[in-house]
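Me: I have a protein model open and I am new to this. Can you walk me through reading its features?

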Amino acid sequence: MHQDREHLEEMIHVACLWEATARKPGNVHPAAGFVDLAYDDFVRAAQVVAPVLARSAELKVGPTVLAAIRATREALGRNVNLGIVLLIAPLAAVPPGRTLVTGIGDVLEGLDNEDAALVYEAIRLAAPGGMGTVEDQDVSAAPTESLLTVMKRAAEWDQIAAEYANGFGVVLEFAASHFVDSPSGWEQWNTSIVHLQLKLMARFGDSLIARKCGAAIAGEARQRAQRALESFEESASLVSREVAELDVWLRGDGHRRNPGTTADLIAAILFAAFRDGHADFENARQALNDAKDSAAGQDILINERRR
């Protein structure tokens, strides 16, 4: 469990950096970028939002989300981390002395209309892709309900909203269960995080892919992730045809199949695991330093199969 704001900031920072650094199929990482987005953008975004998110208990969730997105916009000029900010802000608001499982409910129930208005402003500022519109409580207008209520409205089609609606059930389940094998060293952490991505995509799909590409493509992404997961769990190796094919396919069509919501969930799961002691934070931090030292110029792991 976290002890002070400085330590909380460090855990948020490392969680965001590991999400970006792991060689996850379809996502930006040190060996793969998009035309308009690079690994360094995520590194910079992590630097600017970690100190803001660490103040969530003090500032409240809505002001924290807006301040973090403003900081990102000022530093990078575009959306990089809206989903991560939306997920970590309530988790970071749980008071010291309480676990996330016992404390997140009170945070969510305390969210009000002001939080909703500020989060709506943050979403408009970030201008994420694939948002669409809804008849009631659309982000283009001022909300009339609490943040929790509007998130419940969106939970059917948005995995981040569903976490609010369901008490962060997915984040807390995987935070408590996924790291029981205690990864050690950067290759094990990388493998564990990619494994986590495959498990999440195979079980839940990815709502960003669904919004951008439709239900059929989202269903195919889920099936391909299931095949890659089965291949990984049979061989305990990321160097497999199925994992490489998933990576190539997700990067097709101008990166529209990028599993961005899954990446956001991974950052939140990592933070939750660090915060409540389900994963060894000090080991993860040292492994991240090793990963950064080893990343330069190396096309490794999930990319080896394609060479």
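Me: How many residues are there, and what percentage count as buried?
Reply: This is a predicted model. The protein has 307 residues, and 57% of them count as buried.

Me: How many helices and strands are in the protein?
Reply: There are 17 helices and 0 strands.

Me: What share of the contacts comes from residues 24 or more positions apart?
Reply: Take the contacts with a separation of 6 or more. Residues 24 or more positions apart account for 74% of them.

Me: Let's zoom in on two helices. At what angle do the axes of H4 and H5 cross?
Reply: They cross at roughly 150°, and the axes come within 9 Å. An angle over 145 degrees counts as roughly antiparallel. H4 and H5 are therefore roughly antiparallel to each other.

Me: Is the crossing left-handed or right-handed where H4 passes H5?
Reply: The crossing is right-handed.

Me: Which residues in H4 and H5 meet?
Reply: H4 brings Val-61, Thr-64, Val-65, Ala-68 and Ile-69. On the H5 side they meet Leu-82, Val-85, Leu-86, Ala-89 and Pro-90. The residues of this contact divide into 9 nonpolar, 1 polar and no charged.

Me: Which residues does Val-85 touch?
Reply: Leave out residues up to four places away in sequence. Val-85 then touches Val-49, Leu-53, Val-65, Ala-68 and Ile-69.

Me: How many residues apart in sequence are Val-85 and Val-52, and how far apart in space?
Reply: They are 33 residues apart in sequence. In space, C-alpha to C-alpha, the distance is 9.7 Å.

Me: Now for charged side chains. How many salt bridges does the count come to?
Reply: The idea is a distance test. A side-chain nitrogen of Lys or Arg must be within 4 Å of a carboxyl oxygen of Asp or Glu. By this rule the count is 19 salt bridges.

Me: What is the partner of Asp-41 in a salt bridge?
Reply: Asp-41 pairs with Arg-78, and their closest N and O atoms are 2.7 Å apart. This pair links distant parts of the chain, 37 residues apart. Asp-41 is in helix H2, while Arg-78 is in the loop between helix H4 and helix H5. Asp-41 counts as buried, at 14% relative accessibility. Arg-78 counts as partly exposed, at 29%.

Me: Where do Arg-285 and Glu-282 lie?
Reply: Both lie in helix H17, 3 residues apart, about one turn of the helix. Arg-285 is partly exposed at 26%, and Glu-282 is partly exposed at 43%.

Me: How many residues apart are Glu-245 and Arg-241 in helix H14?
Reply: They are 4 residues apart, so about one helical turn separates them. Their salt bridge has its closest N and O atoms 3.3 Å apart. Glu-245 is partly exposed at 37% relative accessibility. Arg-241 is partly exposed too, at 45%.

Me: Which residues are linked in a network of salt bridges?
Reply: Arg-5, Arg-55 and Glu-58 are linked in such a network.

Methods: Residues are numbered from 1 along each chain as its sequence is written. This is a predicted model: local features need pLDDT of at least 70, side-chain atom pairs count only at pLDDT 80 or more; totals for chains, interfaces and linings use all residues. Side-chain values use heavy atoms; hydrogens and water are left out. Buried means under 20% relative accessible area, exposed over 50%, partly exposed in between (1.4 Å probe, protein chains only). Axes are lines fitted to C-alpha atoms, for helices over the stretch in contact, and angles run from 0 to 180 degrees between N-to-C directions. Angles under 35 degrees count as roughly parallel, over 145 as roughly antiparallel, 65 to 115 as roughly perpendicular and the rest as oblique. A crossing is left-handed if the near helix is turned anticlockwise from the far one by less than a right angle, and right-handed if clockwise. Contact means heavy atoms within 4.5 Å. Ala, Val, Leu, Ile, Met, Phe, Trp, Tyr, Cys and Pro count as nonpolar, Asp, Glu, Lys and Arg as charged, and the others, Gly among them, as polar.
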